[in-house]
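User: Good morning. I would like to go through a structure step by step, beginning with the ligand and then turning to the strands.

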Amino acid sequence: MKVIIRQTKAEASVWAARYIASKINEKAAQTDKPFVLGLPTGSTPIDTYQELIRMNKAGEVSFKNVITFNMDEYVGIAEDHPESYHSFMYNNLFNHIDIPRENIHILNGNAADLKKECADYEKAILAAGGIDLFLGGVGEDGHIAFNEPFSSLKSRTRVVTLTQDTIEVNSRFFGGDTSLVPKQAMSVGVGTVCDSKEVLILSFSEKKARATQAAIEGPMTHVITLSALQMHENGIVVLDEGAASLLSEENKAYFKAVEEAEA
Ligand code: GLP
C-alpha cells in the first residue's frame, strides 16, 4: 500500500485529481479503449472533483472516452432527491465535464428487482473491461463504499443495511433527522473494489484518523473494510494531516521516503 500525506485536504485533493487525470491520459495515449473509473460520493471527493472539472475545462484531461461506475446509492430514494447519489454526482461532477451521459453508471435504488440490478452492475463492469481505477472515500468506521463492518472482504455488489453510526453520520445531509436517512443502500462489494486494477482512497480530517490508522497499521479485518486494501497490489491512500494524525512518526517518515524515492 502506498500512503501519500499532504498537509491539507486541498493539497491532497489536487494530488489525487492530477493522479487520476494522468492515468486517463496515459491510457488514452496507448489505446482507444475507454478508461473505466470508479467513483464515490461524500464530502471527501468534492475538492478532487473540482480540480478534475478545472482540468477538464482547461483542456488538461477529457472524459469523452471515460466510463464511470459509482460505488453506491441509497435504496428507495427518488433519483432526483437532492441527497440521492445520482443528484450528488451530476451536481458535483458530471454536469461540469465532457463525459457522454451513456458512459455513466449509477446503481438504481428504485429498481423493481434489486438483486438483479446488483448482478447486472457486476456484469456491466466486466463488459466494460473491469475498472482501471476506483476512487473512494472512507467512513468514520472504516467502511469503503457502503461496506459496513463485517462485510465479507470478498463481497460483491448487493443490498446492504446501514449501521446506526452511518445513519447518524449521514443524517447531516437530511437536516439532522436520522429517520429521513434510508436504512438500506446498494453498494459495490469490497471484492468489486479490490478487483480494480488500481484503488485510490481519500481520507481527510481527524474524524477519520482512527479508522485510517487501523486500516494502515493494523491487521486486515472485516471490522475495518478499508483494510482489505492491504491485499491489493496497487492500493494508494491519500491523507491530510488530520487523517494521518494517529499514524506512527516512523511510518509517516517511511511513507515520505518512499514517495521521494519513487518520484
Ligand atoms: C458514505 C459513502 C462512502 C463515503 C462515506 C464518507 O458512507 N457511502 O462512500 O466514503 O460516506 O463520507 P464523507 O466523505 O462525507 O466523510
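User: Which pocket is the space taken by the ligand?

Analyst: This is a predicted model. In it, the ligand takes up the space of the largest pocket.

User: And how many residues surround the ligand?

Analyst: There are 13 residues around the ligand. The closest are Ser43, Thr44, Asp72, His143 and Lys208.

User: How do the residues of that shell divide into nonpolar, polar and charged?

Analyst: Four are nonpolar, six are polar and three are charged.

User: What is 2.7 Å from an oxygen atom of the ligand?

Analyst: That is an N or O atom in the side chain of His143. The side chain of Arg172 also has an N or O atom 2.8 Å from an oxygen atom of the ligand. In the case of Ala145, a polar backbone atom is 3.2 Å from a nitrogen atom of the ligand.

User: How much of the ligand's accessible area does the protein cover?

Analyst: On its own the ligand has 390 Å² of accessible area, and the protein covers 94% of that.

User: Now the sheet, please. What is the order of its strands?

Analyst: The sheet is open and has seven strands in the order 1-10-9-6-2-3-5, with parallel pairing.

User: Which are the edge strands?

Analyst: They are strand 1 (2-6) and strand 5 (104-105), each of which pairs on one side only.

User: How many bridges join strand 9 to strand 10?

Analyst: Five bridges join strand 9, residues 198-203, to strand 10, residues 235-240, and the two run parallel. Val199 stands opposite Gly235 of strand 10.

Note on methods
Residues numbered from 1 in each chain as written. Predicted model: local features only at pLDDT ≥ 70, side-chain atom pairs only at ≥ 80, totals over all residues. Heavy atoms only, no water. Near = heavy atom within 4 Å. Polar contact = N/O pair within 3.5 Å; in protein donor to acceptor, adjacent residues only side chain to side chain. Areas by Shrake-Rupley, 256 points an atom, 1.4 Å probe, with all protein chains shown as cover. 1 Å grid on protein atoms, 1.4 Å probe; cavity = no way out; pocket = protein on both sides within 12 Å on 5 of 7 lines; lining within 4 Å. Sits in = over half its atoms within 2 Å of the grid points. Nonpolar A, V, L, I, M, F, W, Y, C, P; charged D, E, K, R; others polar. Pairing = 2+ DSSP bridges. Helix = DSSP H or I, 4+ residues; strand = E, 2+ residues; numbered from the N terminus.
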